[in-house]
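Subject: Structure for your files

Hello,

Here is the structure I promised to pass on. My notes on helix packing, strands and backbone geometry follow below it.

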Amino acid sequence: MGLLALGTPLPWSEAKKHADHVRNHGITQFLHIWERLKDRTGDELLWGDEIEYMVVAFDDDEKNAKLSLRQTEILAKLSNIVDDICADCPDDISPPQFHPEYGRYMLESTPGSPYTGSIGDLLSVEGNMRYRRTLARKHLNPNEVPLTFTSFPRLGAPGQFTEPYYDPTDAISSHSLFLPEEITNPHARFPTLTANIRTRRGSKVAINLPIFVDKNTPRPFIDPTTPWDRNRYPEDSEAKNGAALPDHIYLDAMGFGMGCCCLQLTFQACNVSDARRLYDGLVPIGPILLALTGASPIWRGYLADVDCRWNVIAGSVDDRTAGERGEKPLSPEDRFRIPKSRYDSVDLYISDNWMNRPEYNDTYVPYDEAIYDRLLKNGIDALLAKHVAHLFIRDPLVIFSETIDQDDSTSSDHFENLQSTNWQTLRFKPPPPGSPIGWRVEFRSMEVQITDFENAAFAVFVVLLSRAIMSFNLNTYLPISKVDENMARAQQRDASRQGRFYFRKNVYPPGSSAASSGSSSPVECNPRKRDKKLRNCFAAAAPPDDAFIAVNGHAVEEEFVEMSMDEIINGKGPEFPGLLGLINAYLDTLDIEPQEMAKIQQYLGLIRRRADGSLLTAATWIRNFVQSHPDYKQDSVVSQEINYDLLTAIDEM
């Protein structure tokens, strides 16, 4: 989440008056950045991870695991000591950083300094993650533990799920039936964001997850724990008037989504062109790794028939009005019908590389035509202009009165107001003004894993895959509609083992093959010297003489098939080596010591086994734990005792 601005946030009734101002000046700020830095090139690989923890307080006498709401106190303590811990740091680890997040029980951690492309840095990730966890735990109460766990199983369930207890009837920003106000970070940004989403939308958010139907689950399932007749806020009747669906787990607040933990990675690219190519190359990977990292099968004390958090977060910040959602005609204040929440999968490919066929952007994507025209007139190409103009159909949700007027030549706050509240599976990130940081890509789909080894394994996998994509000029393009379908499939129960996903049959550029994948191929007549570190600047593959025919001489539908997770990761015959095959081909271009390669292969082995089904996802492991617990009554209910034993077992891993 980074640094949080101080100031006076405007309620929606006032903030909406400044929406056009923020959009207009946000575009001006982007154009200033573009003009200064569009030709910047040569940046080295710098990258980092963001790990989110939930702090859990264990009450051994009551056999209850609760969320500790001491974020402010914990962060203050960590901030005070972080400058004094260098003596305790291993030589290869800078003092880490800890940041606030939406939930008052959450901590976000990042490395103290970015990783580089060195093999040593790649292999330091697990130790860095472990050090951060150890440091956080050292400054918690004896009964508190920082867990990398995606969703707290009994958040919003009956009984006490926070320490201390608070009554949800006082949820003045969300009006939730289940979550108290105090679940939210007290910084003014967060309750204002919560209230403004609800106010702009014209109702509470409404998320419905299908219940996992077990032997004794009532049919139809009508949740007996929902306070159907509460009458404190105007929206209280929404649940019984249709917002809460039968046979579903109903969630009604931003905290259910933004209170989840995840693993995110950010990469600095060589230049803006490489950033756009990397962004596009990773778009189809997002759903695959969402399924492979699935870790959230329990919501509000019930087993759900899903394994992932994504749709919960998408619904939790869905500020679209009924007209924008297509449920009613557009009102005079509605500008567009908007198919997706502002937290959802990527809508557009943005690279101007010749392999990007127009047919891949095959879904309806509303965009602000005035902003689009303005960007074109200022030298932005059509693909990037449409991307930005699409992001800017949204309204800014939190505006501080003190920062309405800014120096657009030195600030990017208005641009980031909208950029940072479009939470997609990837984020294309321009350089901040006055910073040495370059053009970046953030990979955002993965669920956080239970252990540091697992989180490090997925980080190493994505880093190496990003290098293979760029080095071999790989073509991973799928129609966006198929990426969207993959996102839906990825969240289904046991999708990693049982699901099938659309994926490209041949990822090599036209005229290339598994034995020859472009100018940087590891198999050449005169192979180049092996690199000692991960490169960051890559020449894009030149289009072949018959490029138009090679790219457009067949229907897009001929380019992809449905594959299992095992096939996508581990390969499907000689023509498709799998993502791990591509990574291993890239590793063959590097000068790596045997012991270093052995460690890398340990990480990749986890990915291989997770994909072939011999290693369970966290979601399946959690589901199995619950269903085999002696207190489980085969009724889909995850009791306080089951939750306590589950989180105790996870802490002992």
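**Helix packing**

The axes of helix 2 (residues 19-37) and helix 12 (residues 369-377) come within 11 Å and cross at roughly 20 degrees. An angle under 35 degrees counts as roughly parallel, so helix 2 is roughly parallel to helix 12. Please keep in mind throughout that this is a predicted model. The crossing of these two helices is right-handed. On the helix 2 side the contact involves Arg 23, Asn 24, Ile 27, Thr 28, Phe 30 and Leu 31, and these meet Ile 371, Arg 374 and Leu 375 of helix 12. By residue class, the contact of helix 2 with helix 12 has five nonpolar, two polar and two charged residues.

Helix 15 (residues 452-471) takes part in two of the contacts I want to describe, one with helix 21 and one with helix 5.

With helix 21 (residues 594-612), helix 15 packs at an angle of about 95 degrees, and the axes are 9 Å apart. Angles of 65 to 115 degrees count as roughly perpendicular, which means that helix 15 is roughly perpendicular to helix 21. Helix 15 contributes Phe 453, Glu 454, Ala 456, Ala 457, Phe 458, Val 460, Phe 461 and Leu 464 to the contact. From helix 21 come Lys 599, Ile 600, Gln 602, Tyr 603, Leu 604, Leu 606, Ile 607 and Arg 610. The residues of this contact divide into twelve nonpolar, one polar and three charged.

With helix 5 (residues 125-138), helix 15 packs at an angle of about 140 degrees, again with the axes 9 Å apart. Roughly antiparallel would need an angle over 145 degrees, so helix 5 is classed as oblique to helix 15. The crossing of helix 5 and helix 15 is right-handed. Val 125, Glu 126, Met 129, Arg 130 and Arg 133 of helix 5 meet Asp 452, Phe 453, Asn 455, Ala 456 and Ala 459 of helix 15. Here the division is five nonpolar, one polar and four charged residues. Phe 453 and Ala 456 of helix 15 are listed in the contact with helix 21 and also in the contact with helix 5.

**A strand pair**

Strand 16 (residues 500-504) has four of its five residues buried, so it is largely enclosed by the rest of the structure. Strand 16 pairs with strand 17 (residues 560-564) in the antiparallel sense, over five bridges.

**Backbone points to check**

There are cis peptide bonds to look at. One joins Glu 163 and Pro 164, with omega about 0 degrees. Pro 164 lies in the loop between strand 6 (162-163) and helix 6 (189-201). Another joins Arg 219 and Pro 220, with omega about -5 degrees. Pro 220 lies in the loop between strand 7 (207-210) and helix 7 (239-243).

There are also non-glycine residues with positive phi. His 175, in the loop between strand 6 and helix 6, has phi near 60 degrees. At 9% relative accessibility, His 175 counts as buried, because the cut-off is under 20%. Arg 300 has phi near 55 degrees and sits in the loop between strand 10 (298-299) and strand 11 (302-303). Its relative accessibility is 2%, so Arg 300 counts as buried under that cut-off too.

Regards

Key
Residues are numbered from 1 along each chain as its sequence is written. This is a predicted model: local features need pLDDT of at least 70, side-chain atom pairs count only at pLDDT 80 or more; totals for chains, interfaces and linings use all residues. Side-chain values use heavy atoms; hydrogens and water are left out. Axes are lines fitted to C-alpha atoms, for helices over the stretch in contact, and angles run from 0 to 180 degrees between N-to-C directions. A crossing is left-handed if the near helix is turned anticlockwise from the far one by less than a right angle, and right-handed if clockwise. Contact means heavy atoms within 4.5 Å. Ala, Val, Leu, Ile, Met, Phe, Trp, Tyr, Cys and Pro count as nonpolar, Asp, Glu, Lys and Arg as charged, and the others, Gly among them, as polar. Buried means under 20% relative accessible area, exposed over 50%, partly exposed in between (1.4 Å probe, protein chains only). Two strands pair if DSSP finds at least two bridges between them.
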